[in-house]
Amino acid sequence: MTASSMRLNPDALQASNSNAYAGEGVALPATGGTAVEGLPQRGLSSWGHPRRSPLPFAIFSLKLADIAAALALGIVVAGEYASIPGSVVGFREALLLLMLGAVVYLQALRNGGQYEMAELAQGRRIFRPLVMATFLGATALGVVGIAVGEPLTLLAVAYFWLGSVALAGLASRGVLSWYVARWRASDSLATRILVVGATEVGERVIRAAQQSGNGSVKIVGVYDDRKDRLPPEVLGCPILGTTKDLLSSRLVDQVDRIIIALPWSADARILSILQTLRNASPDIALAPDLAGYLCQDGSELEPASLIKRPVCGRYWLTKAIEDRVLGVLMMLAASPAMLVIAALIKLDSPGPVFFAQPRFGVHNRIISVLKFRTMRHETRDTMATRQTTADDERVTRVGRFLRRYSLDELPQLINVIRGEMSVIGPRPYALRMNVGSRYAKDILLEYALRRHVKPGITGWAQVNGHSGPVHEEAQFAARLRHDLHYVENWSLALDLRILLRTFGVVFGGRTNA
């Protein structure tokens, strides 16, 4: 994940007469609907996968099942062989031979595309790599066994182990195949797309999806500012409204990608649409004039992806596992302190222990963020229209201490366990957060990009001194730059670095409110 995946690419908007295409890895028909002679009509699987796709977890489970079967059956078979009277080698040597075969077997599965989302989404390569991996594993066991002079009995046991592992793999892939068929039938694996522009370019995008025939892409509808002058449908896809209607529609948070289907020469119009859609959560891509064109050397052109989600696929799964594990462990560790804090709040001032505030979550979803109450209950500001100041009279005595050491944020571990927040990520902003006299979302175009990941309890901005209220636009811009650095460069190592630095910030105490 690099910065180029998130920022607007100005070169894409200046190539007014470039030959390009509507999406990643897609060959589109030429003008008039006939296929370009000699060009392969490929599927659209690499246009991406739904944000809530079950495939990352399915692939993780398949990998885990393959490794567990190889290891568990290896231990059992090696133990049984070692217990046979007259065995030439012991348990350790027998297990080592089986694990060498397991390495070849598992690597062959990986090289055969067994764990690729695009292949599994279309129901391909579920069983075929298993046959090749079993053959290569058997060959490796035979070569190693003969080279070191292992007896035929051990080789027979090794082949029995490999056959058992292959049967276990066959069973797990049978289950996976059944689930993939169900997911495809329910469109759970289809990339949902909205097209902006009922133009000839837009027709090519729609026609390509319809001709793919594999269900990997679903055109939900079309938006065009000329709606009143156009027919109600474009190639069977309804025209749902104008670009302003798109931003206020619930569909904008239910699709995976928005394709701007305008000629690249219309750069002013494209920039205007991007300005309108800057707070939309899906990926935004540009579909230029001659989509699907292949270069002279046969290589495909890169897509004009303007705004792309940084954490998706296997990264999303890794982040989700990290959040659940850290959330549960930190909740267990912090529970005694949280009970003491709750008692102090009740003794200090009347009112509830917790304060819930609606804030923006991932993809613009509104979540209820929990905090320990630090203000007098009668002065609560649910919409956060007034930011806290250093000597704010609304803050209680206990609340001032909690805010100084960020202890008021501890209940957000509940949000993490619910899946609404991450332990580490950009802080969630209030719905009507003002910086000076302007809404935060109206100050910088990149503001919406931070919502492509879940908000966090702590983040890169906070450990670099950007926490507490924001009263100036320059201060807000500096915080946003740190948020985008995290969004564009996320990794487990960066999360660990932020987590360790957070302890120093917390124990040092905040100097702001």
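**Close-up views of a predicted model**

**View 1. The contact between helices α5 and α6.** In α5, the residues L130, T134, G137, A138, L141, G142 and G145 meet L155, A158, Y159, W161, L162, A166, G169, L170 and R173 of α6. Helix α5 spans residues 128-147 and helix α6 spans residues 152-185, and the two pack at an angle of about 165 degrees, with their axes 10 Å apart. Because angles over 145 degrees count as roughly antiparallel, α5 and α6 are described as roughly antiparallel to each other. The crossing in which α5 passes α6 is right-handed.

View 2. Strand β1, residues 191-196, runs parallel to β2 and is joined to it by six bridges, with T191 having V217 as its bridge partner in β2. Strand β4, residues 237-241, also pairs with β2 in the parallel sense, over two bridges, and here V222 stands opposite I239 of β4.

View 3. D408 is located in the loop between α11 (397-404) and α12 (412-418). Its relative accessibility is 1%, and because buried means under 20%, D408 counts as buried. When residues up to four places away in sequence are not counted, D408 touches K371, F372, T374, L402 and R403.

How values were computed:
Residues numbered from 1 in each chain as written. Predicted model: local features only at pLDDT ≥ 70, side-chain atom pairs only at ≥ 80, totals over all residues. Heavy atoms only, no water. Axes fitted to C-alpha atoms, helices over the stretch in contact; angles between N-to-C directions. Helix = DSSP H or I, 4+ residues; strand = E, 2+ residues; numbered from the N terminus. Parallel < 35°, antiparallel > 145°, perpendicular 65-115°, else oblique. Left-handed = near helix turned anticlockwise from the far one by under 90°. Contact = heavy atoms within 4.5 Å. Buried < 20%, exposed > 50% of the residue type's maximum accessible area, 1.4 Å probe, protein only. Pairing = 2+ DSSP bridges.
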